[in-house]
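The following exercises are to be worked through with the sequence and the model in view. Each task is followed by a solution in steps.

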Amino acid sequence: MKRIRSESGYSLIEIMVAMALMPILRAFAVPMVSSTTSGIKLRDQANAMADLIGLAKLRATSEFSRSRLYVDLAAESYVLQIWDADAGDWVNEQAAVSLPQGIDFDWGKLEVAPPNTQDDDKPKFAAACLNKEREEIEKTACIMFNSRGIPINRDNAPIGGNAFYLTDGTGVRAVTVTATPLIRRWWSSAATPNWVRQ
C-alpha cells in the first residue's frame, strides 16, 4: 500500500495570523507576570523580616544581651544587631539587606492597622532606633528584645504594638510583634484595608 505524503506546511496567512496574535498575548502576559513577580518579592521580604525578628529574639536570649532588628527607612534596608557590652555599641550580625526595586517601607493609602496590633488602630512603624548615647536616630524603626526575648522600649519596659510595613503599590505586607512576643504576618490590598493574617 502506498502512503500519500503531504508536502504542505503552514500557509502564509496562517503564519501572519499567528504573528499578529503574539503581541496581543504578550500584552496580557507581561503585566500578569510582572504583578506576580512583584507580589512574590513583597511576600519574600516580609517573610525575611519576620524570620530576622525571630532570630533577634533568639539571639537576645542566647547571648544574654539585647538585640534588635534595625530598619533604615531612608536607605530602605534592615539588619540584625546585637548589643556589645564591651564596646558599648550595637554591632551588625550580618550585612544589611536592601529592599529590592519596587518594594518600599510604607503602608500606602491604608489608614487602618491589622486588627488588635497597634494602640490606636492606625498604622505606624515601631519606635525609632537609639544610638549608643540613647538618642533617637531619624528615619529608623527598631524592634528591640531583652535577654528574655521580650520586646522592650527605650526604658527596657515590655512593649507591644511593634510593626513594619512593606508595599509594592498593589499590596501591603505587615509584620507585627506583640508584647508576649508573638510575631505575625499580614497582607492587605493597597487600595482597601482588608487585613488577612498569613
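**Exercise 1.** State where alanine 191 is found, and whether it is buried or exposed.

*Solution.* Step 1: alanine 191 belongs to the loop between β10 (183-189) and β11 (196-197); helices (H or I, at least four residues) and strands (E, at least two) are DSSP runs, numbered from the N terminus. The model is predicted: local features need pLDDT of at least 70 and side-chain atom pairs count only at pLDDT 80 or more, while totals for chains, interfaces and linings use all residues. Residues are numbered from 1 along each chain as its sequence is written, and side-chain values use heavy atoms, with hydrogens and water left out.

Step 1: the relative accessible area of alanine 191 is 67%, so this residue is exposed. Buried means under 20% relative accessible area, exposed over 50%, and partly exposed in between (1.4 Å probe, protein chains only).

Step 2: between alanine 191 and leucine 110 there are 7.1 Å in space, C-alpha to C-alpha, although they are 81 residues apart in sequence.

**Exercise 2.** Give the order of the strands in the open sheet and identify its edge strands.

*Solution.* Step 1: the order of the 5 strands is β5-β8-β9-β10-β11, with antiparallel pairing. Two strands pair if DSSP finds at least two bridges between them.

Step 1: β5 (104-105) and β11 are the edge strands, since each pairs on one side only.

Step 2: β5 and β8 are antiparallel and share 2 bridges; aspartate 104 has threonine 167 in β8 as its bridge partner.

**Exercise 3.** Locate phenylalanine 28 and decide whether it is buried or exposed.

*Solution.* Step 1: phenylalanine 28 lies in helix α1 (residues 12-63).

Step 1: its relative accessibility is 58%, and therefore phenylalanine 28 counts as exposed.
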